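Let's take a friendly walk through a protein model. Have a look at the picture first, and then we will go through its parts one by one.

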Amino acid sequence: MILILLGPPGAGKGTQSQLISERLGLPQLSTGDMLRAAVKAGTPVGLKAKQIMEAGGLVSDEIVIGIIADRISEADCAKGFILDGFPRTLAQADALDELLKSKGRHLDVVVELKVDDTKLIERIECRARETLAAGGTVRADDNADALKTRLIAYYRETAPLIGYYYAHRLLKSVDGMKPIPEVSRQIGELLDQFQHA
Ligand code: ADP
């Protein structure tokens, strides 16, 4: 099964993809995590992405499409995978479609995490406080300025994907404002129909 988790920053995509990954035994492909790892390792991609990410902007389509093309060709993706944070633009969605087509594969479902927009900033600020309290390091882009840029990028570039996948009859929505286990239960229910796909 190949699925996408779609939603604004702070919607819970990372948390839910990890839970689905454990439940279905499929790898979770988070472009955010992969890019953060590249920044940390100081690779050429990381060097290009660092400032853009810290400011909350979108890394170029060319870079992220390249990362995903390589990653989905790996052996552990043969059974399927969960995309978290990709695609984020219509160009990325088209590229994914082409990539899958060239491998004779297809997308099974796009899960939209619906959230109350006014709660997003609160959620991300709360995540930053909890991380600090636990002695962790807060993400460089979890600050007010970068967050505003991330939200603008989401509404300009990513939100149109909801209509795009709806038109392709791939979109399923769940209420992302519910507690984590409840959201996970709702996603589990709708994925049950695709288990054997
Ligand atoms: P969030 O969903 O909380 O904003 P992510 O971890 O998914 O966070 O992404 C962090 C940052 O990584 C983004 O703000 C962007 O700079 C970059 N990024 C991740 N995925 C993509 C993508 N598909 N296209 C462009 N940039 C991306």
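Which strands does helix H2 lie across? Helix H2 (residues 31-41) lies across S2 and strand S3 (81-84), and H2 runs at about 60° to S2. Contact here means heavy atoms within 4.5 Å.

## Before we start

This is a predicted model, in which local features need pLDDT of at least 70, side-chain atom pairs count only at pLDDT 80 or more, and totals for chains, interfaces and linings use all residues. Residues are numbered from 1 along each chain as its sequence is written, and side-chain values use heavy atoms, with hydrogens and water left out.

Helices (H or I, at least four residues) and strands (E, at least two) are DSSP runs, numbered from the N terminus. Axes are lines fitted to C-alpha atoms, for helices over the stretch in contact, and angles run from 0 to 180 degrees between N-to-C directions.

## The sheet

Five strands form an open sheet in the order S2-S3-S1-S4-S5, with parallel pairing. Strand S2 (28-30) and strand S5 (171-175) are the edge strands, and each pairs on one side only. On average, neighbouring strands of this sheet are turned by 25° against each other, direction ignored. Two strands pair if DSSP finds at least two bridges between them.

Strand S4 (residues 109-114) pairs with S5 in the parallel sense over five bridges. Opposite lysine 172 in S5 stands valine 111.

## Around the ligand

Now for some polar contacts, which are pairs of N or O atoms within 3.5 Å. A polar side-chain atom of arginine 36 lies 2.9 Å from an oxygen atom of the ligand, and one of arginine 139 lies 3.1 Å from an oxygen atom of the ligand. A polar backbone atom of valine 59 is 3.1 Å from a nitrogen atom of the ligand. The protein covers 96% of the 550 Å² of accessible area that the ligand has on its own (Shrake-Rupley method, 1.4 Å probe).

## Two packed helices

Two packed helices are described by the angle between their axes and the distance between the axes. Helix H7 (residues 144-158) and helix H8 (residues 160-167) pack at an angle of about 30°, with axes 6 Å apart. Tyr154, Tyr155, Arg156, Glu157 and Thr158 in H7 meet Pro160, Leu161 and Ile162 in H8.

Terms used:
A polar contact is a pair of N or O atoms within 3.5 Å; within protein, one must be able to donate a hydrogen and the other to accept it, and residues adjacent in sequence count only if both atoms are side-chain atoms.
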